[in-house]
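Please have the structure open as you read.

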Amino acid sequence: MSLDLSHTLVRSGKLTAPNRWDLVAFPLIFVVFVLLAHAAKGTFAPLETMQATPISLDPTFLPGYALRTVLRMLAALAASLLFTLTYGTLAAKSKRAELILIPILDVLQSVPILGYISFTVVFFMNLFPGSTLGAEFASIFAVFTSQAWNMAFSFYQSLRTIPHDLDEASRAFRFSSWQRFWRLEAPFAVPGLVWNMMMSMSGGWFFVVASEAISVGDKQITLPGIGSYVALAIEQKDLGAIGWALAAMTLVILFYDQLMFRPLVVWADHFRFEQSAAQTTPHSWFLTVLQRTQLLHRAARPLSFAMRRTLRAPILNANIPGPIGAETSPRGRIFDVLWYVVVVLMALGATAMIVRYVATALGWADVLTVFQLGFYTLLRVAVMIVLSSLIWVPIGVMIGLRPRLAEKVQPLAQFLAAFPANLLFPFFVITIVRFDLNPNVWLSLLMIIGTQWYILFNVIAGATAYPTDFLEAADNFQIHGWQWWRKVILPGIFPYFVTGALTASGGAWNASIVAESVSWGKTHLTAQGLGGYIAEQTMAADYPRIVLGIAVMSLYVIFFNRVLWRRLYAYGERRLRLD
């Protein structure tokens, strides 16, 4: 595995005159920048100008809507990446920070995003009064909350499972904390992070529908985009317009897959931890074009030089950092105890505030009912995670170990993950009513439709990062069949699978709000569960019951993650490192 991020995207070499590859690369890059600049122009317009132009279902408007949506999603992805590099690093390297940050992350990825959008909308609209920019930031933040959590978990998991020999090598070279991060930790985390970025980009499409139609008091603000186009098409039951929207989504996904994610997958392959070269490697036509240009190399040379000097600079400290999870001194243990006391007091204070608020309108019978409904949702989440794992782990391993297959499947997987699950709700309602099926059973499938892809993408990332020399050794020792799964590949992808299953679990809790209470026309179906309870109380504007429902959901999520997923993380760190 290479330990430097600065060389891998651009090949070094002697630069001469422009060549034919420049004639391909520069128009492509120029067109992309022009399109993004055109889309960004509308974000600074006055709010009245945007409200005077209603959303139209005319397909000719879709290219412009698609540009605006993609710009919001890319901005949210950039914010998610910055959040990941800071939040994930702090949680992985500081036990005291981890004690607070990881439970917060557990809750944030599970609590219904739509539940706190209204508060953030008011904040951003007041921050940019009378400007479209406030609504744009509110929409970007909503998409950010659907993208950031799984990326942070992936980065955290990678930093916690860095092989010991790489850790020892960084100490032998006396890297500072800055050098260690950019030349060891970030490169090791790149393969998993790239696939989770891909999943985040696809998962953001579901929340685009909600984030582009914003309510502030009695005012409705609709941002131009594919999400608002789909929302209007659903409202008017225009299946033709929904078809046009799906076609536009498909083209957009193919576009950013070929120009962004495919090159990133090829780049990430440089950071696989292995001692022998892989027999087959991923390819990207666009990256090949960039690598063979002359003018682009010349233009990028100052930036490449500045990056190398910055990433190699011995800044932050000159001391050799201690290993993650290293034992602390007696004084450090005293600080740990004091920190635990502070955390417990903060948790008790927050609990007391919630109890006082809920107790003004509810009794113990309501609390017991909500805990019972939470148990029903917990069973659904557990069953759906098990079923999804049985299906997608073998498929993910097959794709991840075959770069050529991954190259073909990658756009399809992104489209399926991006497909707005709410478009399937009418078909489920009609089918359940037509065949008199049990909503408590069949509505459960809606919880996992949008979140099962976290398992697939993380397993693909794990299989992609699995060392080729380990596979060759297994083949030489004639390890095949079930023994190969049990002794070779499952231990190798285990940390990635835990990250995928954990984020899928959190997403399923989040999706339960809409999956356990669905409607089509005048037909409304509800499944017994905490998600359906919160949805019904939200429609009734019963805030004490909403707070109780979200608090109980948070307790279930934290308990489930602590009892199961954290122990599996710890097991992977102790026993299943690639050492």
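How close do the axes of helix 14 and helix 22 come, and at what angle do they cross? The axes come within 7 Å and cross at roughly 125°. This is a predicted model, in which local features need pLDDT of at least 70 and side-chain atom pairs count only at pLDDT 80 or more, while totals for chains, interfaces and linings use all residues. Residues are numbered from 1 along each chain as its sequence is written, and side-chain values use heavy atoms, with hydrogens and water left out.

**Helix 14 with helix 22**
- Helix 14 covers residues 364–400 and helix 22 covers residues 530–539; helices here are DSSP runs (H or I, at least four residues), numbered from the N terminus.
- Axes are lines fitted to C-alpha atoms over the stretch in contact, and angles run from 0 to 180 degrees between N-to-C directions.
- Helix 14 and helix 22 are therefore oblique to each other (under 35 degrees is roughly parallel, over 145 roughly antiparallel, 65 to 115 roughly perpendicular and the rest oblique).
- Val 370, Leu 373, Gly 374 and Thr 377 of helix 14 make the contact with Leu 530, Gly 531 and Tyr 533 of helix 22 (contact means heavy atoms within 4.5 Å).

**Helix 1 with helix 3**
- Helix 1 (residues 20–41) packs against helix 3 (residues 62–93) at about 95°, with the axes 9 Å apart.
- That angle makes helix 1 roughly perpendicular to helix 3.
- From helix 1, Leu 35, Leu 36, His 38, Ala 39 and Ala 40 meet Leu 67, Arg 68, Leu 71 and Leu 74 of helix 3.

**Aromatic rings**
- The count comes to 27 aromatic pairs (rings of Phe, Tyr and Trp, with its six-membered ring, pair if their centres lie within 6.5 Å; planes under 30 degrees apart are stacked, over 60 edge-to-face and the rest tilted).
- Phe 83 and Tyr 87 are stacked, because their ring centres lie 4.7 Å apart with the planes at 25°.
- Both Phe 83 and Tyr 87 lie in helix 3, four residues apart, about one turn of the helix.
- Phe 83 and Tyr 87 are both buried (under 20% relative accessible area, with exposed over 50% and partly exposed in between, using a 1.4 Å probe and protein chains only).
- Ring pairs link a cluster whose members include Phe 83, Tyr 87, Phe 123 and Trp 149.

Note on methods: Helices (H or I, at least four residues) and strands (E, at least two) are DSSP runs, numbered from the N terminus.
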